[in-house]
Number of protein chains: 2
Amino acid sequence: MPYSTLQNLCIVMVETSHPGNIGSAARAMKTMGIRDLRLVSPRKPYSQETWALASGANDIVEQAKITPSLPEALADCQYVIGASARSERTLQWPQLDARECGQHVAQHLAQQKIALVFGRERTGLSNEELEHCNALVHIPMAFDYLSLNIAMAVQVLSYECAMAARQAITVPAASEEGEELANAQAMEGFYVHLEQSLIDVRFLDPENPRLLMRRLRRLFGRAGVTVSEMNILRGMLAAFGGSKFRERA
Amino acid sequence: MPYSTLQNLCIVMVETSHPGNIGSAARAMKTMGIRDLRLVSPRKPYSQETWALASGANDIVEQAKITPSLPEALADCQYVIGASARSERTLQWPQLDARECGQHVAQHLAQQKIALVFGRERTGLSNEELEHCNALVHIPMAFDYLSLNIAMAVQVLSYECAMAARQAITVPAASEEGEELANAQAMEGFYVHLEQSLIDVRFLDPENPRLLMRRLRRLFGRAGVTVSEMNILRGMLAAFGGSKFRERA
């Protein structure tokens, strides 16, 4: 079972317009041994094309989890990689090419749940959705003006993950970090707490808040915060917040 | 022009049943910088689906050469690689996996014209057609009973050829993050500030301080803090520290 480790990998498709692309993506995943498909408010219901293109992967579509928003789809995920059509789109996130993405996934999948997130067919992921990502992946292409079909992108990235997982097994993988990472839900709770604390001490202006929190998300997202580190960070925020009441008393 | 060498590579599709697959394959090729498509007696004429799926790659379809038989399509090719759904199909030909195929193509393309041949959607290449191949390529999959859609297979193999060609040419590596990292001196100044702030709010006990700071160092060290992020972190600490004086006043 060379692909069994891929059970910790999920594919998330955000607001997909063409139901056929969901079927094609399901088949692409399954050929590579990936089974966990999550759909964030798909624009149309499944069609005949969905099932025709899914071919032998109907079970993947039937078991797909549908959520109204991205954070709900990512709640149990510890590392989130967003697919980006262009490599130069932003310098704000660590950038992986498809091969590096496969290697990252294969190295870390035993310890954490990883999501690969694919945006809308035409417009990709919104800036707000990108903020939930720890890293971005792009598939190197010959042109900037012509991108891969979304199911094709799912195929290439699934293929790279499966290839890397296959190679990682022949060489017994050393776990570089023993400890479990905080999941996306815990990270979101931390960001809310942090934002409120920064507003309380007037470091963050709620009238113009966006850039600061995005930069802090990027910093902590890059680090990969473990569960026990999260406890420390929450404790620090509580202590910083508590000080003003203590001093007042 | 990292992909210019791929002009010596052609994709041959034999008796394709679904005109949509030809359009998808054309787009898959073009995204990877491959332009020479050859069709051996396609079963149906181009359809609306062909053009819809070709998207920005209509030119590839328009310029595709159509021949009645495989030998005519291969006339000017010096090395022919046939796509095979199963790796164990035959021992009569040298077997490559997708990555090895890309490497072979990148190594030999400057000296020879190479064809990648894809058979019918359901039945692949006939034994007689296989006789025209110098080697076979397969894409490693999780299951034997579920194969990739033909356009997906074109995508994966085109991708592997383009990646190998790119690596064969490019060497000078770009810096992965544009922004400068904070130097060790700045990091040390931050840790001193952080430690004092945590002592001030009684989160850190100076009698037993070691483990906490070590863990925070590990967290921020792992992230790699940039110069501008360091400014934010120092500002946050000043704000958290300042609040107690503000409240006291």
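This is a predicted model: local features need pLDDT of at least 70, side-chain atom pairs count only at pLDDT 80 or more; totals for chains, interfaces and linings use all residues.
**The interface**

Chain B brings 66 residues to the contact, and chain A brings 69 residues. The area buried between the two chains is about 6100 Å², and carbon and sulfur atoms give 63% of that area. The rule finds 4 salt bridges across the interface. Arg99(A) forms a salt bridge with Glu160(B), where the closest N and O atoms are 2.8 Å apart. There are also 14 residue pairs in polar contact across the interface of chain B and chain A, with both residues at pLDDT 80 or more.

Several helices of chain B each supply at least two residues of the side that touches chain A, among them helix 1 (19-31), helix 5 (98-108) and helix 7 (150-169). Helix 10 of chain B gives the largest share of this side, 14 residues. By class, the side of chain B that touches chain A has 33 nonpolar, 15 polar and 18 charged residues.

**Aromatic residues**

Over all chains, the structure holds 8 aromatic pairs. Phe190(A) and Phe220(A) form an edge-to-face pair, with 5.2 Å centre to centre and 85° between the planes. The two residues are 30 residues apart, and the pair links distant parts of the chain.

| Residue | Helix of chain A | Relative accessibility |
|---|---|---|
| Phe190(A) | helix 8 (residues 184-200) | 2% |
| Phe220(A) | helix 9 (residues 210-223) | 5% |

Phe190(A) counts as buried because its relative accessibility, 2%, is under 20%. Phe220(A), at 5%, also counts as buried. One aromatic cluster is formed by Phe190(A), Tyr191(A), Phe220(A), Phe190(B), Tyr191(B) and Phe220(B).

Note on methods
Residues are numbered from 1 along each chain as its sequence is written. Chains are lettered from A and ligands numbered from 1 in the order in which they are written. Side-chain values use heavy atoms; hydrogens and water are left out. Contact means heavy atoms within 4.5 Å. Buried area is the accessible area (1.4 Å probe) that two parts lose on being put together, summed over both. A salt bridge is a side-chain nitrogen of Lys or Arg within 4 Å of a carboxyl oxygen of Asp or Glu. A polar contact is a pair of N or O atoms within 3.5 Å; within protein, one must be able to donate a hydrogen and the other to accept it, and residues adjacent in sequence count only if both atoms are side-chain atoms. Helices (H or I, at least four residues) and strands (E, at least two) are DSSP runs, numbered from the N terminus. Ala, Val, Leu, Ile, Met, Phe, Trp, Tyr, Cys and Pro count as nonpolar, Asp, Glu, Lys and Arg as charged, and the others, Gly among them, as polar. Rings of Phe, Tyr and Trp (its six-membered ring) pair if their centres lie within 6.5 Å; planes under 30 degrees apart count as stacked, over 60 as edge-to-face and the rest as tilted. Buried means under 20% relative accessible area, exposed over 50%, partly exposed in between (1.4 Å probe, protein chains only).
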